[in-house]
Amino acid sequence: MENEDMNQRIRSLISSAVKSIGKDELATAIEDLKAAEVLDSDNPEVLYHLGISYSRQGLHKTAVGYYLRLLDLPLEFVDLRTVKKLLSYSLILSEDYEKALIYIGQILRPTPSDPTANSLAGYCYEKMGRLDDAIAAHRAVYATDQSNYNACNSIAYLLARKGRGVNMDEALAFARKALESSPENPAYCDTIGYVYMKRNQPELAKKYLKLAMEKAPSNVEIRSHLNELLKI
């Protein structure tokens with residue numbers, strides 16, 4: 001009877017927390033989940049939602065701890081790959097790219113075309129300066145979904161950034177495809193402006209980089225591209 005009452009209490013706390021997460025009331029959700037964790041420290045659902053809540057609060061290193069604990073438990077209510085993707089995402093935002101790639105690799109080995117895992121890998125490789133690997137990862141995303149415009153934008157930007165030995169016509173084609181899907185997107189405007197700059201077309205570069213800056217005036221990367229152009 002006592003165990004039944006405790007299980008009901010845990011279920012009630014989880015249900016309340018999930019509702020709070022849906023309303024973006026993360027502090028309230030964490031309070032309920034921590035109370036549930038006291039009752040059952042190895043409850044996978046409790047650990048999963050704590051990881052989600054802390055990640056959404058921007059406390060990614062704390063989220064990592066919960067996801068790692070979760071991986072040591074038998075999972076039924078959530079797919080193991082989902083947990084590894086969430087863990088990889090939090091590791092990336094904790095700037096631990098090498099460890100993130102370990103878990104991304106565990107996803108990609110059995111499912112090499114997984115678009116989310118390839119996107120995460122591409123981001124890691126870019127941050128690590130491994131541009132060829134980053135381009136390959138985003139190409140893998142594009143190969144499975146030609147309407148993935150973020151992949152198009154990433155390929156275009158990375159090709160332009162790599163520069164030497166790159167087909168800049170291809171970079172421009174990918175940048176145009178991304179921009180046509182969302183002409184007001186500041187990231188897409190920035191990329192096509194950056195591509196035009198690398199193609200030695202300063203007027204077109206200035207047009208799109210200024211537009212990107214207008215759409216996202218606090219974006220440091222866009223500002224750096226515009227400053228780079230003005231120094232040419």
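Predicted model: local features only at pLDDT ≥ 70, side-chain atom pairs only at ≥ 80, totals over all residues.
Which helix gives the most to the lining of the largest pocket? That would be H7, with seven residues.

View 1. Residues are numbered from 1 along each chain as its sequence is written. Local features here need pLDDT of at least 70, side-chain atom pairs count only at pLDDT 80 or more, and totals for chains, interfaces and linings use all residues, while side-chain values rest on heavy atoms, with hydrogens and water left out. Buried residues make up 44% of the 232; buried means under 20% relative accessible area, exposed over 50%, and partly exposed in between, with a 1.4 Å probe and protein chains only.

**View 2. The largest pocket and the helices around it.** The pocket has a volume of about 680 Å³, taken as the space filled by probe spheres set on grid points joined across faces, edges and corners. A pocket here is an open set of points on a 1 Å grid over the protein atoms alone, where a 1.4 Å probe fits, with protein on both sides within 12 Å along at least five of seven lines; lining residues have an atom within 4 Å of a point. There are 28 lining residues, and Tyr 123, Glu 126, His 138, Asn 153 and Ser 154 lie nearest the centre. Helices H5 (80–93), H7 (115–127), H8 (131–144), H9 (149–162), H11 (186–198) and H13 (220–230) each supply at least two residues of the lining.

View 3. His 225 sits in helix H13. Setting aside neighbours within four places in sequence, His 225 is in contact (heavy atoms within 4.5 Å) with Tyr 157, Asp 190, Tyr 194, Met 197 and Leu 209.

**View 4. Glu 214, an exposed residue.** Look for Glu 214 in helix H12, residues 202–215. Its relative accessible area is 60%, so Glu 214 counts as exposed. From Glu 214 to Leu 70 is 144 residues in sequence and 43 Å in space, C-alpha to C-alpha.

Notes:
Helix = DSSP H or I, 4+ residues; strand = E, 2+ residues; numbered from the N terminus.
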